[in-house]
Every structure is written in C-alpha cells, then in structure tokens.
Amino acid sequence: MKTVISAIVLLLACTTNISFAEDATKGEAIFTSNCAGCHAGGKNFMSPHKSLSKEDLEKNQVNTTAAIINQITNGKSPMPGFGKLGILSTTDIENVTAYVLQKSTAGW
Ligand code: HEC
C-alpha cells in the first residue's frame, strides 16, 4: 500500500513539474524581452525594495499567481500594464508569472 501511495505521489510531482517547467521556459524569453530592463536578476532598478525576491513578493503581497498576473496585466505606476496595453497575451502573462514564481522560489 505504501509503495502504491509513493508511486502516485511521485507521479503527481513529476507531472506537475513538467507542465510548470514548460510554462516557465516560455516565460523566460518573455521576461528577458519585457521585464529584464527593470527586473534583471529578479531585482527592481526603479524601486529596490519591490524586487522579485521571495521575501519582497511576500512582504508586498504579490506572491500568488493571481496577484502577479494582476500586476503584469494592469501594471502599477511606473510599471506598465502589459495586458491593458496589449503588449502581452493572457498566455504570455501566465507563462512569465510561472517563470517569476519559479525563480523567486529558487532564489534567482
Ligand atoms: C519600466 C520598468 C518596469 C518594467 C519594464 C517591468 N516592471 Fe515590474 N515593477 C516595476 C516597478 C517600479 C515596480 C514597483 C511598483 C510599485 O510601486 O508597487 C514593479 C513591481 C513588480 C512586481 C511586484 C514586486 C514587489 O515586490 O512588489 C512584479 C511581480 C513585477 N513587477 C513583475 C514584472 C514583470 C513580470 C514584468 C515584465 C512582464 C515587469 N514587472 C516589467 C517596474 C517595471
């Protein structure tokens, strides 16, 4: 029984990782061309205390998929609203969000 449960857990972990990695991989290119100007290496050159580190995202309550998607879609001056301005599609925004969450968890 234990083995069966372990196998299921392992399978779930693998499947989750694969889809997550795929999104984040696409997100990396989007990040490089749209975000790195202000956020290279997960930093924030305009507002240093609002970096993309796990700690800052938690402190500023932008540490969930929904909150990050909202920030990228609508922006928060001086950060442009990439969705509102039609620069990025919903899928692009989801992929770059996956990338930001993955990198912040890994410590950039
Ligand atoms: C012109 C510079 C600029 C660009 C380009 C930019 N940002 Fe930002 N970003 C900022 C600034 C400034 C803030 C802080 C806004 C505020 O005052 O809350 C910010 C905040 C954030 C936050 C919240 C960080 C925190 O700790 O509060 C996230 C997440 C984020 N940006 C992601 C992105 C992503 C992803 C992209 C690319 C799609 C991007 N940004 C592009 C300037 C930029």
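Q: Is Gln61 buried or exposed?
A: Gln61 is exposed: 8 other C-beta atoms lie within 10 Å, and the cut-off for exposed is 12 or fewer. Bear in mind that this is a predicted model.

Q: Where is Gln61 found?
A: In the loop between helix 3 and helix 4.

Q: What about the phi of Gln61?
A: Gln61 has a positive phi of about 55°, although it is not a glycine. Most residues other than glycine have a negative phi.

Q: Switching to helix 4. Which residues are buried there?
A: Helix 4 covers residues 65-74, and Ile68, Gln71 and Ile72 are buried in it.

Q: Why do they line one face of the helix?
A: Looking down the axis of helix 4, the buried residues fall within an arc of 90°, so they line one face. In general, an α-helix has 3.6 residues a turn, so residues three or four places apart point the same way.

Q: What covers the buried residues of helix 4?
A: The cover includes helix 5, residues 90-106.

Q: What happens just after helix 4?
A: Gly75 takes a positive phi of about 70° there. In the loop between helix 4 and helix 5 there is also Pro78, and the peptide bond from Ser77 to Pro78 is cis, with omega near 10°. Most peptide bonds are trans.

Q: Now the ligand. How many residues surround it, and which are the closest?
A: The ligand is surrounded by 24 residues, and the closest are Cys35, Cys38, Met46, Asn60 and Met79.

Q: Which elements give two or more residues to that shell?
A: Helix 2 (36-39), helix 3 (54-59), helix 4 and helix 5.

Q: How do the shell residues divide into nonpolar, polar and charged?
A: There are 13 nonpolar, eight polar and three charged residues in the shell around the ligand.

Definitions and conventions: Residues are numbered from 1 along each chain as its sequence is written. This is a predicted model: local features need pLDDT of at least 70, side-chain atom pairs count only at pLDDT 80 or more; totals for chains, interfaces and linings use all residues. A residue is buried if 20 or more other C-beta atoms lie within 10 Å of its own, exposed if 12 or fewer, and partly exposed in between; C-beta atoms are placed from the backbone. Helices (H or I, at least four residues) and strands (E, at least two) are DSSP runs, numbered from the N terminus. The arc is that of the directions from the helix axis to the C-beta atoms. Two residues are in contact if their C-beta atoms, placed from the backbone, lie within 7 Å. A residue is near a molecule or strand if its C-beta atom, placed from the backbone, lies within 6 Å of it. Ala, Val, Leu, Ile, Met, Phe, Trp, Tyr, Cys and Pro count as nonpolar, Asp, Glu, Lys and Arg as charged, and the others, Gly among them, as polar.
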